[in-house]
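Work through the exercises below on charged side-chain pairs. Each task is followed by a solution in steps.

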Amino acid sequence: MNENTNTNGNTTAIDDETLARAVLTYCLDSADAMMYALIKGIGSATHTLQLLADSGPGNHENVATAACKTLDAAFINGITRWGRSINSRGMASFHGAMVSWQHRLTTLPSTDPDELKDWFTVGGTQWIVAPHHPCWPSQLADLTMYTDWAAPLCLWGQGNPQALVSCPEPIGVVGSRGVSEYGRQSAHELAKQAARAGHLIVSGGALGTDAAAHWGAIQAMDEIGAPLAGRTVAVFAGGLNHIGPKSNERLFETIISHSGALISELCPGTAPEARRFLIRNRLIAALSSSLIVAQARARSGALNTAGWANELNRRVFAVPGDVTMPHNTGCNRLIQEGRANIICSLTDIDEFCHASHRPQPIVIDGEQTEKPADDVLPESDDTTRIILKAIRKCDAKYGHVSTDGLLAILAETNPEEYPISRIVLELGVLELNGLISTQHGNITIVNANTTQQRN
């Protein structure tokens with residue numbers, strides 16, 4: 001079995017089923033509901049691929065005829081199990097698609113599995129995960145439950161595949177490429193605050209809003225450390241050897257170096273044509289539990305993503321803006337039409353985030369694949385020192401420690417820098433790190449010797 005090692009030292013093995021899904025994806029022009037139904041009807045991608053190969057030209061007539069009959073029956077079965085119906089026109093479309101798939105199979109560079117694994121991973125520089133892999137984001141299945149579009153057969157990636165399952169309810173952040181400073185600040189701050197609470201940030205890797213969101217998550221990781229901060233994932237509309245824009249290369253490298261991931265549902269070498277961006281948007285929406293539109297014009301790809309999110313029953317939020325600026329028309333309209341909730345604060349993330357948590361490791365064969373660091377807070381973390389000092393002062397002054405008491409203490413020296421929303425967030429981080437304990441509303445410092453040495 002061939003194995004690929006990413007930059008974070010994690011190993012992703014490519015088994016026969018995953019390789020078959022990669023080959024079948026190669027046969028497609030883009031996401032294809034007919035291929036999804038066919039695999040569902042047959043039960044495995046490996047068997048589906050074998051039947052397609054047997055049904056193609058060049059095989060013995062009896063073999064090809066039997067394979068075609070099996071494929072027809074499986075397609076009808078898959079469509080029915082999917083809750084759809086099929087008619088003669090649909091069967092004709094399926095037969096036309098089969099001819100195209102069979103032709104694509106003949107253009108593969110090899111039939112040797114090991115050579116194909118190497119080719120599909122570009123010499124081991126990319127990994128591939130499929131629905132049976134522990135790093136597969138299960139929420140993608142919603143694409144087949146709520147829409148007529150199929151979920152990806154597999155995902156190609158660079159970076160850390162565990163980022164995909166590091167958060168049970170990721171936050172998507174999208175918006176216009178030609179974003180204003182207001183929109184850029186909104187995307188950056190919202191993503192940073194969410195990542196500081198451990199949540200995964202999903203966006204599209206583009207200029208403007210997407211880049212601001214990714215950088216916000218990266219800044220959170222730099223501020224509080226990798227074991228606490230959420231990661232970020234960029235979803236692309238073409239093969240990962242065609243990622244762009246070039247001006248974002250440093251961003252992409254930084255996402256990878258910060259335990260995040262770059263992903264695509266398309267084979268290496270697939271060009272990111274315009275139509276594929278709209279199809280890609282469904283993945284951003286499906287991966288997200290809540291989707292934030294930070295800024296959008298009246299016609300924007302971000303509005304397309306919001307449409308997918310609404311169809312998938314995701315929570316959609318929009319940042320309102322100046323009605324005299326065309327940059328804000330899309331967001332204002334989403335709010336006006338009731339298709340998005342209004343974002344009223346860039347720091348109060350409770351309305352669209354679940355409870356703070358550490359990025360979640362995956363467990364394989366009973367063992368965690370990522371071990372949390374023993375010391376996750378840097379020695380120079382001024383915020384940690386300030387909060388811990390305020391806890392001690394609050395305890396000495398009031399005899400107990402509460403968030404209201406901390407607000408009063410911090411208001412004496414840092415009234416603007418530490419609003420109640422930030423205090424709650426910082427307390428959550430400290431508790432996750434095991435430095436404080438909260439019981440019956442009272443906050444106490446644990447591991448006092450360690451924290452006193454730091455402070």
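Helices (H or I, at least four residues) and strands (E, at least two) are DSSP runs, numbered from the N terminus. This is a predicted model, where local features need pLDDT of at least 70, side-chain atom pairs count only at pLDDT 80 or more, and totals for chains, interfaces and linings use all residues. Residues are numbered from 1 along each chain as its sequence is written, and side-chain values use heavy atoms, with hydrogens and water left out.

**Exercise 1.** Find how far apart the closest N and O atoms of E17 and R21 are, and state whether the residues are buried or exposed.

Step 1: A salt bridge is a side-chain nitrogen of Lys or Arg within 4 Å of a carboxyl oxygen of Asp or Glu.
Step 2: The closest N and O atoms of E17 and R21 are 3.7 Å apart, and the pair forms a salt bridge.
Step 3: Both E17 and R21 are buried (under 20% relative accessible area; exposed is over 50%, partly exposed in between; 1.4 Å probe, protein chains only).

**Exercise 2.** Which parts does the pair R282 and E265 tie together?

Step 1: R282 and E265 form a salt bridge, with 2.6 Å between the closest N and O atoms.
Step 2: R282 lies in helix α11 (residues 274–287) and E265 in the loop between β8 (261–264) and α11, so the pair ties together parts 17 residues apart in sequence.
Step 3: R282 and E265 are both buried.
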